[in-house]
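Here's a quick tour of some surface patches and ring pairs. Have the model open while you read.

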Amino acid sequence: MPNHVTIPFKKTYSCPIPTATRDYIQNHTEDHPDAYIRDINQWKALRDIGTGGVLHADRINLALNYHAQLVFILAKLPPDINLEFSYAHAFAHSSSLPVTMRSISFERASVLFNIASLYSQLAASEDRSSQDGLKRASAYYQNAAGVLAFLSESALPKLGPFVDLENTPSDLTEDFVKSLEWLMLAQAQECVWQLAVADHFKNSLIAKLAAKVSSLYNTSLQSIRLAAADTRDALPSNWIPHLETKHYHFNAASQYRKSVDELEASRYGDEIQRLMIAEADAKKAFNVAKRAGVAQAVISDVKSLLDVVQKNLFRAERDNDLIYHHNVPAPSGIPMIQEVSMVQSIIPPGLRDPKSAIDNDSIIFGEMLGWGAREAINIYNDNKKNLLQEKIVEPAQNFNDEADKILQSLNLPSSLEALERPVGLPPSLLKKAEEIRLEQGPTKIDVYLDDVQRLSRHVLGILDEAMDILDSEASEDEAVRREMPMNRPPSHEANQELVMKQQRYRTILIQAAESDELVRRKWEEWEDQISELTRDEDELEALVPSSTVSMTGKAVSTSQTQIHARTLRGLLESLDDIRRTRDDLVVRAQRRAESDDVRPKVLAAAANLKHGIEMSAVMFEDVSDNELAKYDKFIQALTEGRKKQEEILSSIKSTNDAFIQSRKQDPTVKDREQALQFLDLAYSHYKEIIRNLDEGLKFYNDMAGILTNFKEACKIWSSARSREARLHRSMASLSIRDDASDESHEAPVTTMSSLRTGTRKQTAGIPTLSSADWEAQELAPPPTKRAGKASKHR
């Protein structure tokens with residue numbers, strides 16, 4: 001019989017997935033259930049093979065696949081869609097009733113439990129008489145522990161709203177699941193210990209491994225004892241005694257192995273005490289095992305150890321009495337055995353990353369999302385983007401620009417660096433020059449300018465192509481009207497909204513071209529100065545006059561200058577701290593926005609709405625407002641930072657005035673200050689031009705996508721009009737042939753007028769120009785630029 005215990009599967013029962021899911025889609029969404037027939041059938045098929053019950057290694061990936069699909073299903077559907085799942089307790093008797101819950105989260109937790117069960121049973125089925133079998137068994141046990149850890153941290157907390165006193169899955173409680181996790185780790189560590197024994201490792205190491213085995217079994221035992229009474233009562237009668245036996249057994253094994261180590265080190269008294277402890281624990285293990293009916297294999301292991309310990313204890317006491325005469329210390333007088341763990345809870349990658357477990361299969365209900373929820377998500381994302389840009393990014397940049405403008409007006413930090421470093425270049429300027437040199441700044445700007453111009457021509461070409469399509473349709477419409485009368489508006493009236501939209505787009509592109517020209521003129525103005533910053537350090541230093549501080553005059557004045565300089569430097573450093581804090585705040589807000597996904601909140605809110613009502617974006621305004629409130633702390637922090645900045649700038653102004661008054665009027669110092677300030681200003685313009693061009697490239701790339709969609713809308717509209725014209729021609733031809741063949745008879749009831757009416761009915765599916773089907777994403781016009789003033793490109 002095996003000396004390990006396994007986790008049995010939770011038995012499940014069939015459930016009406018197709019009926020319940022179709023009803024939910026029909027009653028709670030605007031989609032038609034037939035659109036998800038494949039998804040529903042896939043869910044049902046996966047459940048049949050992914051809920052456990054079959055002991056085979058191939059079932060691992062199938063179960064992980066099903067769990068991954070459940071994760072994605074829960075992202076699309078609320079846990080309760082009126083679909084009941086039934087599972088029996090893992091240790092339940094055949095006559096006991098299963099637990100039934102209307103919760104997909106309960107299904108997911110049960111599937112995870114059965115994946116852990118599968119790993120544990122695969123581990124127990126390995127041949128642990130071989131090293132390879134021991135390694136595989138240990139790996140399986142660690143995977144089982146990892147799945148249980150994942151179940152505890154990821155799935156169990158979501159069961160709370162669906163659990164009541166009458167319907168509690170006692171095998172899915174925190175204490176019970178953690179107990180199983182510790183048990184799996186204990187059995188994995190036991191496999192490692194067995195490998196160490198087989199490989200004849202040092203007795204001291206084997207003792208440490210055994211001590212950890214004992215500790216893990218004891219942790220599992222204590223966790224079970226903390227569980228609810230009904231959870232303990234559901235376990236087999238020999239389960240808790242098994243854990244207790246293993247705890248005592250491996251504590252005895254650890255002491256025995258350490259006693260051998262003591263013998264080899266000639267510590268005979270310590271050897272005897274450890275053997276006495278080992279004998280006491282081995283007897284406890286044997287008595288518990290015999291009394292509680294633990295598996296015979298476990299009893300045999302304990303009996304074998306007890307015999308070896310007693311034999312060695314007899315020999316050790318005899319030798320010590322006759323030969324060594326060492327004192328036997330008290331149990332508290334010998335060092336504790338340090339535990340060494342070689343195992344951990346290994347969570348399968350397919351659980352951490354559900355997408356990786358699906359392979360090439362499609363995600364179930366991957367396309368499901370109601371229009372109201374979808375629109376609410378789009379509105380939220382737009383509001384979030386605008387808030388981030390208008391309330392955080394732009395204000396932060398403006399605050400930085402305000403500080404830079406004031407410092408530039410005060411010739412700071414150039415004047416201060418000119419005083420503190422009269423020979424050589426300031427490190428800040430060298431760093432800026434190195435940045436431009438490494439980026440090949442002038443070349444980079446030239447390439448960017450060319451790219452912006454090329455993209456500008458490209459998007460304008462797309463817009464012209466869209467108008468060519470409308471012109472072609474108008475020509476075709478005029479040709480048809482010359483042949484026959486048509487009961488529809490002419491093209492110049494029908495396409496009025498499309499033409500107006502292209503005019504708006506063209507106006508945006510004209511404004512963008514004007515902004516591009518401002519940036520280009522700014523580059524032409526500052527190209528030579530920015531190019532100077534690409535020089536080597538020696539060449540750059542030759543451009544800046546050297547200076548020394550005039551030391552003539554009163555000593556008091558020189559001392560005051562130094563005092564003011566130190567004060568200014570401290571204030572500038574404080575200002576830099578505020579700037580760094582502000583920049584970090586913007587980065588944190590941007591990262592928060594990138595990871596911010598309102599979709600689960602909108603879906604959860606949609607699940608709480610009354611059944612059968614039409615969903616709209618207005619119903620989710622509270623969710624949107626609550627989510628956007630997360631960014632209030634960033635806005636408040638920016639405001640507080642600005643107040644501190646204003647206080648520091650005020651101090652900088654007054655201190656700088658005192659600094660200037662106390663300085664000697666040395667012309668060379670002023671020349672150096674002006675040169676450093678001019679180079680620093682060139683760097684500021686370089687960064688501004690690069691930022692403008694980056695924004696320009698993004699603008700044109702976004703505009704290319706928008707105009708491509710607009711062009712496609714024009715093409716669809718023109719094609720629909722062309723089909724309608726061809727249909728009019730066909731009906732006119734048919735009417736002429738009918739009149740020629742029935743000249744002597746009464747005309748049929750169906751007239752040309754009625755045919756035309758029928759035609760209009762057949763083409764009634766063509767969207768009107770006011771329909772959202774023709775809409776393309778609008779883009780706000782770029783901000784107005786003023787030459788000679790720092791501004792954004794888009």
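## Charge on the surface

A quick definition to start: a helix here is a DSSP run of at least four residues, numbered from the N terminus. With that in hand, Asp446 sits in helix H17. Keep in mind that this is a predicted model.

Asp446 belongs to a negatively charged surface patch, together with Asp450, Glu524, Glu527 and Asp528. Helices H17 (441-483) and H19 (496-532) each put in at least two of the patch residues, and H19 gives the largest share, with three. Asp446 itself counts as partly exposed, because its relative accessibility is 33% and that class runs between 20% and 50%.

## A nonpolar spot

There's also a nonpolar surface patch, made of Leu322, Ile323 and Tyr324, which together have about 310 Å² of accessible area. Tyr324 is part of helix H11 (residues 296-324) and is partly exposed, at 31% relative accessibility.

## Rings that meet

Across the whole structure, 12 aromatic pairs turn up. Take Trp43 and Phe365: their ring centres are 6.1 Å apart and their planes stand at 85 degrees, so this pair is edge-to-face. Trp43 is in helix H2 (residues 37-50) while Phe365 is in the loop between helices H13 (354-358) and H14 (371-409), so the pair ties together parts 322 residues apart in sequence. Trp43 is buried, at 0% relative accessible area, and Phe365 is buried at 0% too.

Tyr217 and Phe250 make a stacked pair, 6.3 Å centre to centre with 20 degrees between the planes. Tyr217 comes from helix H7 (residues 203-226) and Phe250 from helix H9 (residues 239-264), so this contact links parts 33 residues apart in sequence. Both of these residues, Tyr217 and Phe250, are buried.

Definitions and conventions
Residues numbered from 1 in each chain as written. Predicted model: local features only at pLDDT ≥ 70, side-chain atom pairs only at ≥ 80, totals over all residues. Heavy atoms only, no water. Patch = residues over 30% accessible without salt bridge, like charges linked within 9 Å, V, L, I, M, F, W, Y side chains within 5 Å. Areas by Shrake-Rupley, 256 points an atom, 1.4 Å probe, with all protein chains shown as cover. Salt bridge = Lys/Arg side-chain N within 4 Å of Asp/Glu carboxyl O. Buried < 20%, exposed > 50% of the residue type's maximum accessible area, 1.4 Å probe, protein only. Lys, Arg positive; Asp, Glu negative; His and termini not counted. Charge placed at Lys NZ, Arg CZ, Asp CG, Glu CD. Phe/Tyr/Trp six-rings, centres within 6.5 Å; stacked < 30°, edge-to-face > 60°.
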